[in-house]
Amino acid sequence: MKLASLMHGRDGRLVVVSQDLTRATDAFPVVPTLQAALDDWDRLAPRLADLAVSLEHGSVPSFRFHEHDCAAPLPRAYQWLDGSAYANHVELTRKARGVALPENLLTEPLMYQGGSDTPLGARQAVHAIAEDQGIDFEAEVAVVTGDVPMGVSPQAALGHIRLVMLANDVSLRNLAGPELAKGFGFVQAKPSSAYSPVAVTPDELGDAWRGGKLHLPVLAQINGRLFGRPDAGTDMTFDFGALMAHAARTRRLGAGTIIGSGTVSNRGADGGPGRALAEGGAGYACIVEQRMVETILTGAASTPFLRFGDTIRIEVKTSTGHSIFGAIEQEILPHVG
């Protein structure tokens with residue numbers, strides 16, 4: 001089942017989307033918004049699934065689905081928790097900055113709580129005050145949870161995943177260091193994140209969803225040119241069950257919590273830093289990772305961060321080339337007023 005929220009008021013208009021992302025039908029006869037569906041998932045999900053089957057059979061009214069009409073699947077979410085599930089990414093960024101690695105890097109995930117009140121739709125621009133803030137994208141996989149009990153085990157947590165989607169965890173790299181140095185965490189360095197037009201139930205992913213991981217490449221383009229295609233299942237140190245259990249160690253998670261994987265990151269074939277596409281590697285899912293590799297190898301970063309007018313595109317496709325979640329495609333623009 002594939003779900004999307006069209007732009008409508010603060011909480012969107014929930015629609016069921018066809019598997020090929022070409023058609024949609026209103027979910028209003030069942031439930032008006034995605035948050036309302038998540039609040040009563042056990043009762044409403046089967047009815048939405050029936051609607052999805054009817055849509056495929058052409059037995060319900062439908063209309064052309066346009067990704068640019070979409071808000072984020074959850075136009076405002078109760079919670080956005082972003083992990084850093086790929087140890088390779090953490091190792092690279094810390095090494096390049098000369099910062100010691102956490103002793104528990106491989107046993108306990110990193111996680112921060114970001115803003116969830118104003119997420120961006122997949123085609124809404126990223127606005128920044130200045131280019132010198134170090135504008136970057138982070139291509140991630142994310143899950144939307146149901147109610148998760150405190151103290152849940154990683155294995156049991158997987159049963160509380162309702163939907164899977166993509167995220168662009170927008171980052172202002174030149175603000176991150178000074179914020180982290182204060183010892184509290186990100187606020188200004190993490191503006192609104194964006195999410196794919198469509199969120200899908202795990203069963204929709206077939207064999208690509210196993211072990212709490214999405215085993216498909218995440219395609220990242222800058223200005224129409226492929227920048228990276230790292231596999232989301234490869235080198236994922238902590239699966240989504242582990243991330244959810246970490247978040248729920250001391251509190252319950254409410255239905256509609258979004259948990260991100262952190263930047264998808266692959267090691268090189270030799271176990272070292274991943275290589276750029278031009279060097280035969282899988283490339284990168286954020287600019288800072290390529291800059292860190294450049295720093296490690298040559299002593300200085302040469303790849304620039306995003307500039308006004310640049311466009312970033314994030315997408316995942318099936319083995320036959322069909323888009324699963326639709327594409328996040330955003331222009332970088334200056335903030336006005």
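1. Start with V143 and its partner across the sheet: I259 in strand β18 is the residue it bridges to. The strands involved are β9 (residues 139–145) and β18, which run antiparallel to each other and share 3 bridges. Two strands are called paired here if DSSP finds at least two bridges between them. Strands are DSSP runs of E with at least two residues, helices are runs of H or I with at least four, and both are numbered from the N terminus.

2. A quick word on what you are looking at. This is a predicted model, where local features need pLDDT of at least 70 and side-chain atom pairs count only at pLDDT 80 or more, while totals for chains, interfaces and linings use all residues. Residues are numbered from 1 along each chain as its sequence is written, and side-chain values use heavy atoms, with hydrogens and water left out.

3. Back to β18, which has another neighbour. Strand β5 (residues 79–84) pairs with β18 in the parallel sense, over 4 bridges. On that side, W80 has I258 as its bridge partner.

4. Which way do the residues of β18 (residues 257–260) point? T257 and I259 go one way, I258 and G260 go the other, and all are buried. In a regular strand, side chains alternate between the two faces of the sheet. Buried means under 20% relative accessible area, exposed means over 50%, and partly exposed lies in between (1.4 Å probe, protein chains only).

5. Now the charges. Side chains of opposite charge can pair when their charged atoms come close. A salt bridge here is a side-chain nitrogen of Lys or Arg within 4 Å of a carboxyl oxygen of Asp or Glu, and the count comes to 12. One of them joins D26 and R13, at 2.6 Å from N to O. That pair links distant parts of the chain, with D26 in strand β3 (residues 23–26) and R13 in strand β2 (residues 13–17), 13 residues apart. D26 is partly exposed at 26% relative accessibility, and R13 is partly exposed as well, at 32%.

6. Have a look at D136 and R173 too, where the closest N and O atoms of the salt bridge are 2.9 Å apart. Here D136 sits in strand β8 (residues 135–136) and R173 in helix α5 (residues 173–181), so the pair links distant parts of the chain, 37 residues apart. D136 counts as buried, with 1% relative accessibility, and R173 also counts as buried, at 19%. Both belong to a network of salt bridges that links D136, E138, D169, R173 and K190.

7. One more pair: R275 and E279 form a salt bridge, with 3.7 Å between the closest N and O atoms. R275 is partly exposed, at 43% relative accessibility.

8. Helix α6 (residues 240–247) is mostly covered, with 7 of its 8 residues buried. Among the buried ones are F240, L243 and M244. At the start of α6, a side-chain oxygen of D239 comes to within 2.8 Å of the backbone nitrogen of G241.

9. Finally, two loop residues worth a glance. L21, in the loop between β2 and β3, has a positive phi of about 65° although it is not a glycine. L21 is buried, with a relative accessible area of 9%. N223, in the loop between β16 (219–222) and β17 (225–228), also has a positive phi, near 55°, without being glycine. N223 is partly exposed, at 46%.

Technical notes:
A polar contact is a pair of N or O atoms within 3.5 Å; within protein, one must be able to donate a hydrogen and the other to accept it, and residues adjacent in sequence count only if both atoms are side-chain atoms.
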